Amino acid sequence: MNDILSNTSVNGDRLWESLMDMAKIGPGVAGGNNRQTLTDADSDARHLFKKWCEAAGMSVKVDQMGNMFARQEGEDPEALPVMVGSHLDTQPTGGKYDGVLGVLAGLEIIRSLKESGIKTRHPIEVVNWTNEEGCRFSPPMMSSGVFAGIYDKDWAYDRTDSAGARFGDEIRRVGWVGDEKPGHHPLKAYFELHIEQGPILEDAGVPIGVVTHGQGSIWTRITLTGKEAHTGSTPMDRRVNAGLGMARITTVVDEIAHSHAPNAVGAVGSCEIFPNSINIIPGKAVFTIDFRSPDQAKLNAMQEELEKRSTEIAREIGLGIEFEQLSNVAPVSFDPECVRCLSDAAKSLNYEYLEIVSGAGHDAFWINRVAPTAMIMCPCVDGLSHNEAEEISPEWAASSTNVLYHAVLEMAEIINA
């Protein structure tokens with residue numbers, strides 16, 4: 001191990017304190033957070049992050065999608081930056097660590113770097129990606145997707161939330177539109193730390209997950225159109241019940257996921273029926289399906305079966321049916337050299353680790369398209385996430401950040417201390 005690296009580590013207590021301070025912004029109702037993207041709470045979190053970064057001597061730039069880039073300069077002004085980060089936005093009933101750990105771990109790396117006196121050839125940047133969660137404006141990972149050229153900025157600006165508010169209007173309202181064009185920001189490498197959001201690491205008693213691959217996903221919205229009618233006076237054989245169609249397709253989704261095991265999952269998530277009255281047969285149902293697998297062939301097969309069987313169900317009941325694909329993320333293979341940096345860092349620090357596949361989507365999936373990328377994960381209690389009861393330990397936070405710190409320093413090339 002590099003002699004300098006062997007004697008350097010992050011301040012775990014300070015990292016934990018930062019996590020707890022950030023959690024005070026946009027509190028949930030049950031101990032977590034409701035800090036949805038481009039809300040006032042999200043803006044407040046951004047201001048706090050910017051304040052901390054500037055206090056650490058970093059410059060902060062923002063692009064037209066609101067992505068924040070806090071930069072610690074390297075010794076070579078021409079060298080490409082090594083980037084680390086995640087997101088500060090949360091689900092409506094989100095936890096304190098999903099995404100936030102990755103951003104504040106990056107900040108702690110810079111704080112510890114400056115205290116150690118270490119110099120690197122490459123700059124190090126900490127990023128906060130806008131709208132990773134996608135719960136207010138679909139799709140998820142939208143702004144990193146624009147950065148990577150997956151989506152068009154104007155298309156993203158036209159996305160609306162459930163109340164009809166436009167992304168472009170809301171980002172202007174909260175004041176986080178920057179000058180930099182998305183994607184005009186070349187990188188040497190990108191690392192992202194995240195809680196696992198699953199039970200594998202905790203069940204194995206292992207503190208570090210080095211992510212080698214990511215599951216692909218297909219999100220689909222189905223709209224079924226039937227006929228509203230009185231529940232009491234309409235004979236059963238005269239009903240065109242959109243709610244019944246949704247129920248049958250929900251069962252089909254579960255059957256499809258089970259039939260493609262292992263390494264395949266699926267569920268109906270968001271669902272609405274209209275007019276949603278106790279004595280009216282639903283005339284319309286709108287619901288979403290989330291299929292995931294690290295195997296593209298399985299993903300395609302599941303989607304094909306969904307559309308075939310759903311169409312048959314709609315025909316049997318007499319419903320109209322429409323399919324809208326909300327998101328299609330291909331399975332990800334992360335950069336071998338970045339993966340090696342993380343694995344070597346875990347070994348050098350004597351942390352046991354597992355190579356794992358990410359079951360959830362992350363900004364790293366898109367950045368992997370434009371720069372060498374890898375992810376590291378720490379356990380979370382009971383594998384629970386997207387829930388206010390989400391929890392990790394200070395030790396897990398510190399150990400995973402230490403591994404990230406050493407990997408970033410290797411990639412950024414220490415030149416003196």
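Which strands does helix α9 (residues 242–259) lie across? Helix α9 lies across β8 (216–225), β10 and β12, and runs at about 175° to β10. The model is predicted: local features need pLDDT of at least 70, side-chain atom pairs count only at pLDDT 80 or more, and totals for chains, interfaces and linings use all residues. Residues are numbered from 1 along each chain as its sequence is written, and side-chain values use heavy atoms, with hydrogens and water left out.

**Sheet**

- Four strands form an open sheet in the order β10-β12-β8-β13, with antiparallel pairing (two strands pair if DSSP finds at least two bridges between them).
- The edge strands, β10 (265–274) and β13 (320–329), each pair on one side only.
- On average, neighbouring strands of this sheet are turned by 15° against each other, direction ignored.
- Strand β12 (residues 284–293) runs antiparallel to β10 and is joined to β10 by eight bridges; Ile273 stands opposite Ala285 in β12.

**Helix on the sheet**

- Helix α10 (residues 296–317) packs on the sheet and touches β8, β10, β12 and β13 (contact means heavy atoms within 4.5 Å).
- The direction of α10 makes about 160° with that of β12 (angles run from 0 to 180 degrees between N-to-C directions, and axes are lines fitted to C-alpha atoms, for helices over the stretch in contact).

**Helix pair α2 and α3**

- The axes of α2 (residues 12–23) and α3 (residues 40–55) come within 10 Å and cross at roughly 150°.
- The two helices, α2 and α3, are therefore roughly antiparallel to each other (angles over 145 degrees count as such).
- Ser18, Asp21 and Met22 in α2 meet Ala45, Leu48, Phe49 and Trp52 in α3.

Technical notes
Angles under 35 degrees count as roughly parallel, over 145 as roughly antiparallel, 65 to 115 as roughly perpendicular and the rest as oblique.
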